[in-house]
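Okay, thanks for coming, everyone. Let me put the structure up, and then I'll walk you through a few spots.

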Amino acid sequence: MIDHILTLLIFFPALAAMLGFVVTKDSMRAYGIAVAFIEFVLSLWLWYAYDPMISGMQFMESMPLIPQFGINYLLGVDGISLFIIILSTFFTLIGIASLTETRRIKDLIITLLFLEMTMVGVFAALDAIVFYVFWELSLVPMLYIIGAWGGPLRIYASIKFFLYTFTGSLVMLVGMLFMAYFYYQATGQWSFSILEWYRLILPENFQLWLFVAFFLGFAIKVPMFPFHTWLPYAHGQAPTIGSVILAAILLKMGTYAFVRFSLPLFPDASVFFMFPIAIIAIIMIIYTAMVAYAQEDIKQVVAYSSVSHMGVIILGTFALNVEGVSGSVFLMLAHGVVSGALFLLVGVIYDRRHTKLMSEFGGLASVMPRYATIFGIMMMASVGLPLTINFVGEFLSLLGFYKQSHMLTLTAGVAIIVGAIYMLAAYKKMFFGTVMNEKNKNLKDLNRTEYLGLIPLVIVAIWLGVYPKPVLEPINNSVESVIQLMHDKAQSQEAKARIPDLSGKNEIIPMQEAH
Amino acid sequence: MELYLYIALFAPLVGSLYAALFGGSPKSQHVGIVASGLLFTSFVSSALLLSYVLGGHTVHVEMMTWIATGDLYIPFGFVVDQVSVVMMMVVTIVSTVVHIYSIGYMDHDKGFNRFFSWLSAFVFSMMVLVMSDNFAGLFIGWEGVGLCSWGLIGFWYHKESATWAANEAFIMNRIADLGMLIGIFLLYWNTGSLQYDVVFAEIGNLPLVVTTWIGIFLFIGAMGKSAQFPLHTWLADAMEGPTPVSALIHAATMVTAGVYLVVRANPIYDLIPNVGIFIASLGAFVALFAASMALVNRDMKRIIAYSTLSQLGYMFVAAGLGAYWVALFHLMAHAFFKALLFLGAGNVMHAMHDELDPFKMGGLRKVMKGTFIMMTLASVALAGIYPFAGFFSKDLILEVGFVEHHYVIYTVLLLTAGLTAFYSFRLVALIFHGEERYKLFGIHPHEAYKFMLVAMSPLLVLAIIAGSFKMTYYQLVTSLLPSTQYHVHGEMTYWIMTIGTQLFVIAAIVFAYKKYSNWNSVPDGSSKLENSFGYKLLWNQYYIPKFYDEVFSKPYLELSKIAWKQIDLKIVDATVDGIANIIYKTGENTRDIQNGNLSTMLRWMVIGLVVLITLAVAFTVGYNAVGA
Amino acid sequence: MFEAIAFYLFAALTIVMFTITVMTSQALYAITAMAAGMIFISAFFFILGADFLGAIQIIVYTGAVMALYAFGMMFFDTTRDVVEKRTNPQIVFVLGVLAAVMVVAIFVAPIVSNNIQALYPIQEGVGNSQAVGMVLFTKYLVPFELAAVMLLVSMIGGIILAGKKMDKSLTLMAEEDISTMDDGFEPQAGGH
Amino acid sequence: MEITLSHYLVLSTILFAIGLVGVMRRKNLLMLFFATEILLNATNIAFAAISHYIGDLSGQMFAFFIIAIAASEVAIGLGLLIVWYKRTGKIDLDQMNSMRG
């Protein structure tokens, strides 16, 4: 069973979703939680069985799909994808468990389970075509979630989301096809396996073009400035669960793909585009933080803060050294946990008041102290306070990029200031002051369902902030092999110099445990 | 000894979590008692560690790995050496006192439990800050105290001014923290580690310019936490928090973290004397600058806050000039008498029902004897009168300035010493002497609880006798810090200087008493003095808060709104929608082609045919031409 | 010389006839002119030595096709002027000419570049009909048979389509409707 | 004054152009059919002429098949035309817009 655990992980939710059609409406929630829980346990088992000392792919599965064109059903995980898969199953569980939606809950849970399949599929796929299929499929459930359960502008938002990301992915598909064609030219046979592609050394000008093609697909997904405008709409209109999954997992697809495709396939192009992308990342960080500060709607604040944090992730990714890339991968998880939690928290107040405008609130700290506490913890995590999960990622990302550029990192570091500004301002508007609005006087504090969703997130946010090692170590080992691969493949002098050579030391550094 | 270390470190955390458990429930006395008890435990452990360290040993433990990736390895490592143990003692003593005091002070507050949770959490963060054996750990504590400071300044969250001040403090500190973070990055990429021992061993091998930048960036971090100009405005506003908080955080401990950082990083600053001069100059400037603002202020707590700021300036002068042990000594002494002063102010506030204007008080010495004595003595110590603590530490700094031949700094500090004495006793005189102006406002003052006064007494004792530890202290810390002795050449000069300073200070005190002890009215802003330019300038804090508000806060908000409404919605998003619209409109317009009219379709067919054939011909011709 | 005279004569006649076909508003003129044009075209075939084709042209076009058209026209009012809306006649002409020129260019291109080879050369001493027959029943046998089937199918199709009740679906009608419809149908805009 | 292939091709072009004009100009469906006949005939001439000048029978074969196609086209086309006429009473192209997009 462990040999096919990835297939199981991918298709179990889909299968369960199909069975879900015959489950009665009343027991659907329990059914959904059960399925998501089993899936989560399976993913934990994957972690348990994963050997952190091996930096390469594990639990590989392969089955030919179209052998003539070298398309295989090829799966595998390494330290980079492992935790994002766990994050996906975790958030599906949290999302279903804390679901407060009442309209057509059966359809919603079925959609969510399908979405889970596509998310796990994206992160487990090692074949470009399989990856692409899951990548595109993930749009469909999300389109439904926004379009069917969303706010007043939902149709606009969902179509914008779909078309925008879809356009980007088409360009990416062209890149993939060309990549395969190039592989065919070079070796005489077709292959869409990413691992096979890794071995290919592309001429630099090809790298540049291909990088741009892939970049467009990924950048829209991330979303990077100036392709980010679909996100506020999607978040603004999506139901709580949609925003949670979107922010926690779907956005990570883009950044994950950067690490999986762009860096190892195009090392020279990565170095070539490092500074332009860093500048975009910095614009993302500062500009969207400012936009977030100007928002009137708390959900939009969180939405724009997502973009801002994704900027730091991008920056870390393009640090092109172990510290930066590990940090950015870690920050993907961190941002998933924190922004997911923040969206859940916004959902809590939205369920009670059916508004997200901050001006409607104020003084909530005295009415809902526990809610305020958890919101405060998550806000501080979002701001990147040490000993919370975000700090580790942000610190490493910025640290990594500092090696490449002092000035840009200094500018990007403004993130910690502007991040604090909009978050604290929003918190102040929501929770501080006296209760002015009559409607807020009798709000109920968190109920059991909401605790069920939020407490685990708080625990994770602090646990991984204090002791990130169990996660960071496998990430580190896999990232080291990626960086080494990049260094070996790099052709230009600059790339060789920018990407550190790790071959001098052991493949796996023995970690000195504290005595 | 490791056990004591862990007890000293984690007892406050346990207290904090215990209090947090009851955070939502109404006041429970036991929370305060348990938290204070745990703090006391921490204090006892620190004392035991001190005796151990006095024996010439140090304790260094590595609890567990925190971050390890690539070449970066950051553990949770803690070190108790001669410097950190001094800080630990200061922190635990003051915080124990403040905790016990708070049981009384926060007696009637709804957020009693929450308060203790925050306060203990602060102590924990502070302990992490001082005990960490690496820069990242220091940064944890650094941000942790910032967080707790945010929570405590904004403790009365229903007050707009309090929450505003809390956010201001946090954000100002964040600005400085960025500098610190960059300093840490620089250290890591140049020395390959963040452990103090490794860094300090390596630092000598770095190019001077790199060391300079490291020093500058670390000092920027220190500037934020220690509220040095231009990041000083938050400290005065932070007085919105409960008074015990001001005593503990904004006088004794957190704000001195910047000084601690410079002292801790002394091997770095030793290499870059130019940065040191800058630090000293800035310190001297802030000392005078803050003291001048304290002269006219009419808010009791703000006056003390400015005095704190001014004293921090003194410490930076010492640290900048390389007299690290002197800086640390003043830090210690200052912590005791300034905390005492704040707690006394807290008593007065309670008595006066949260009235802060000393001009509305007067003659309180009759009702508040204990507080009166304590505050007076604390002010004497602050003014630096022999044989109080302030004399030993502050005079030493003056001597350092003199011996190092920085006469300008010396003069500024001397002047500031006079101002300090003046405004301290202006405050004392206005509060405790003169007519009982509070009667105009129908207030019936009363002395604080007895146990609060008892709790304050250790601070009083220390404020008086701390100076006598000078030699023990010197021997202790100089095993780690540069052991330069600062002796003025020539017996004569020394005596003239010392006595001259004392006379100057006493003169200032007498002047203050003369001027204010018989004050009998509440100023209403109509007197000539109050309308003079200088007064207004000082009253408005040199218009700096206004300047920040106008130049940074408001434009930032405006800019943010523009970024959202104009750029994001009208340019970026509109472009995307524009592209989509073009495609949609193209479809909308070209659907007329599909009007179902066969005749038109035939025409289009012919057009298509013509185009295709033309292309075919053109390409064939072109191909043949190339082929030929 | 004779050939030239014949060519020019018939060319002029054909062009005139076809122009009338395209331009006239009288359906009868049009069909008559076209029939004449067809016959003149067959003349070209004779001139070119394609006797068989010429014969076919006359038989099929003037015999069969024109007759069909004539029958077809009986359904419509042929005496009335054909009223048509004219839109952008210039474009129509420009496009027509352009397309024609291009088609010719394509035809000419291989001939001009002389890279065409005769697959089925015309043999000396063999009559055209014979030669055509030989090729048609050897190399083009399958297309020929297909063409035959196609003609058959179209014949059947034509009959059925033009049949009286094709505007009603028998399969969808009720029994009694079918029995009563025999004498019920008249074209709505009957012209005769 | 010899008649060359070009003469025939020019003639063919002219006839084709006339046919095209007819196709585009005519709104009456029946007239449109006439125009298509002209088009077919124009190409036939070209085929026959090329066949003659190249000395290859293939051209004639094509012309032959084209005639066959023209015949069946007329049969089916007229059938459809009559059906349409029966249904609507009109054979004006402008009014056939059921395929409006």
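**Contacts, helices and domains**

Let's start between chains: eight residues of chain C are in contact with 10 residues of chain B, and by contact I mean that the C-beta atoms, placed from the backbone, lie within 7 Å. On the chain C side that touches chain B, we've got eight nonpolar residues, no polar ones and no charged ones. For the classes, Ala, Val, Leu, Ile, Met, Phe, Trp, Tyr, Cys and Pro count as nonpolar, Asp, Glu, Lys and Arg as charged, and the others, Gly among them, as polar.

Quick housekeeping. This is a predicted model, where local features need pLDDT of at least 70 and side-chain atom pairs count only at pLDDT 80 or more, while totals for chains, interfaces and linings use all residues. Residues are numbered from 1 along each chain as its sequence is written, and chains are lettered from A and ligands numbered from 1 in the order in which they are written.

Now, chain A. Its secondary structure comes to 23 helices and two strands; these are DSSP runs, numbered from the N terminus, with helices being H or I of at least four residues and strands E of at least two. The radius of gyration of chain A is 22 Å, close to the 24 Å from the globule rule for 515 residues, so chain A is as compact as a globular protein of that length. That radius is taken over C-alpha atoms, and the rule is 2.2 Å times the number of residues to the power 0.38.

How is chain A divided into domains? The assignment gives domain 1 (1–265) and domain 2 (273–466), with bounds from an automatic or database domain assignment. Their C-alpha centres lie 23 Å apart. Across the boundary, 31 residues of domain 1 of chain A are in contact with 36 residues of domain 2 of chain A. Helix 11 of chain A gives the largest share of the domain 1 side, 12 residues. That side divides into 22 nonpolar, eight polar and one charged.

Last stop, chain B. Helix 18 (residues 407–432) and helix 21 (residues 491–516) of chain B pack at about 30 degrees, axes 8 Å apart. Axes are lines fitted to C-alpha atoms, for helices over the stretch in contact, and angles run from 0 to 180 degrees between N-to-C directions. Among the residues meeting there are Phe422(B) and Phe425(B) from helix 18, and Phe504(B) and Tyr513(B) from helix 21. By class, this helix contact has 15 nonpolar, two polar and one charged residues.

Terms used. Two residues are in contact if their C-beta atoms, placed from the backbone, lie within 7 Å.
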